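I am keeping a notebook while I look through one structure. Each entry records what I looked up and what I found.

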Amino acid sequence: MFEKNPYEKDETLDIPDFVEDRTSTNSESIDMSIFKMSDDELYDDAEENEENYRDAKQKGPRKGSTSLVLCLIIIALLLITSVASLIYAFKQHSAYVKANTSYLQVLANEETYKKQLAEKDATIEALNQQIANNSSGKKDEAAGTMTYEITDGPVVFRTKPTRDRDDDTLFNNKHEANNGEKFQVFEVVTGTDDPDYTYARVGDNIYFCIGNSQETYAKKVNN
């Protein structure tokens, strides 16, 4: 049978003191102080190493935190840039819409002005034509030198060169002139209500109709 280890139940272990090396060639003695160190002395370095490990471990997250902060700053800058870009784009779009609206308004005003100018030109042309007709219908050289004979009567005397029946009047105690009658005419004018008709003025505010472009009621004759 195996012999029982005499140190199996003994919790303490005696370590012999070595004073000298066994070899005579090595004059230096072996430092056996380590075998006599207490537990605090033995584990002092271990605790210091553990503290260094903890410090290193704490420093690690600090670097990570710095990187995280930098990332957050970059993201914030990108968001600010994006928002600024959106605001700028919105302002540009608003400016475009406003400019386009103004341009369309200018086009509409231009069409209105063109229409007004066309109407103005037509009015001027009509007035010029009326002036020309009035000029052609004036007396020849002196008042009363023209003679007109009624050819398609009777024609009614009027106070104005119009076709309005309310302007009827008398001339030489007569309400109208009949065929064959001749009158000394001071001037020939264009109708104020219808420029297609012309009228002969035979006295102050007394007229009779000569005719229009299709019918003639009186003609000019020699004296």
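**Entry 1: Phe-208**

I looked up Phe-208 to begin with. The model is a predicted one. Phe-208 has a relative accessibility of 0%, so I put Phe-208 down as buried. The cut-off for buried is under 20% relative accessible area.

Next I checked the strand around Phe-208. Phe-208 lies in strand S7, so I looked at the cover of that strand as well. Six of the six residues of S7 are buried.

**Entry 2: the partner of Phe-208**

Which ring pairs with that of Phe-208 in a tilted way? I found Phe-183, with 5.5 Å from centre to centre and 50° between the planes. Phe-183 lies in strand S4 and Phe-208 in strand S7, so this pair ties together parts 25 residues apart in sequence. The relative accessible area of Phe-183 is 9%, so Phe-183 is buried.

**Entry 3: other aromatic rings**

I counted five aromatic pairs by the rule used here. One of them joins Phe-171 and Phe-183, and this pair is tilted, with the centres 6.1 Å apart and 50° between the planes. Phe-171 sits in the loop between strand S2 (155–156) and strand S3 (176–177), whereas Phe-183 is in strand S4. Twelve residues separate the two, and I noted that the pair links distant parts of the chain. Phe-171 and Phe-183 are both buried.

I then looked for a cluster. Phe-157, Phe-171, Phe-183 and Phe-208 form one aromatic cluster.

**Entry 4: the nonpolar core**

I moved on to the largest nonpolar core, which has 22 residues. Which members touch the most other members? They are Tyr-148, Ile-150, Phe-157, Phe-183, Val-185, Val-202 and Phe-208. Strands S1 (146–150), S4 (182–185), S5 (187–190), S6 (198–203) and S7 (206–211) each supply at least two residues of this core. S7 gives the most, with five residues.

I wrote one general remark beside this. Nonpolar side chains tend to be buried together in soluble globular proteins.

**Entry 5: Tyr-148**

I listed the contacts of Tyr-148, leaving out residues up to four places away in sequence. Among them are Phe-183, Val-185, Val-188, Phe-208, Ile-210 and Ala-218. Tyr-148 also touches Glu-181, Lys-182, Lys-219 and Lys-220.

How do S6 and S7 pair, in the parallel or the antiparallel sense? The pairing is antiparallel and runs over five bridges. Tyr-199 stands opposite Cys-209 in S7. The hairpin has two residues between its strands.

Asn-205 lies in the loop between S6 and S7. Asn-205 is not a glycine, yet has a positive phi of about 60°. The cut-off for exposed is over 50%.

I found another positive phi at Asn-172, about 55°, although Asn-172 is not a glycine. Asn-172 is in the loop between S2 and S3. With a relative accessible area of 59%, Asn-172 is exposed.

I also looked up a peptide bond. The bond from Gly-153 to Pro-154 is cis, with omega near 0°. Pro-154 is found in the loop between S1 and S2.

**Entry 6: the whole chain**

From the N terminus on, the order is α-α-β-β-β-β-β-β-β-β. The chain has 223 residues, and buried ones make up 17% of them. The accessible surface comes to about 18200 Å², and carbon and sulfur atoms account for 54% of this surface. Among contacts between residues at least 6 apart in sequence, 54% join residues at least 24 apart.

**Entry 7: confidence**

I checked the confidence of the prediction last. The chain averages a pLDDT of 77, and 65% of the residues score at least 70. Which element has the highest mean pLDDT, and which the lowest? S7 has the highest at 93, and helix H1 (residues 39–42) has the lowest at 55. Over residues 23–27 the pLDDT stays under 50. For that stretch the model has one contact beyond four places in sequence.

Note on methods. Residues are numbered from 1 along each chain as its sequence is written. This is a predicted model: local features need pLDDT of at least 70, side-chain atom pairs count only at pLDDT 80 or more; totals for chains, interfaces and linings use all residues. Side-chain values use heavy atoms; hydrogens and water are left out. A nonpolar core is a set of buried Ala, Val, Leu, Ile, Met, Phe, Trp, Tyr and Cys residues joined through side-chain atoms within 4.5 Å. Buried means under 20% relative accessible area, exposed over 50%, partly exposed in between (1.4 Å probe, protein chains only). Helices (H or I, at least four residues) and strands (E, at least two) are DSSP runs, numbered from the N terminus. Contact means heavy atoms within 4.5 Å. Rings of Phe, Tyr and Trp (its six-membered ring) pair if their centres lie within 6.5 Å; planes under 30 degrees apart count as stacked, over 60 as edge-to-face and the rest as tilted. Two strands pair if DSSP finds at least two bridges between them. pLDDT is the predictor's confidence in each residue, from 0 to 100. Accessible areas come from the Shrake-Rupley method with a 1.4 Å probe; for residues, only the protein chains shown count as cover.
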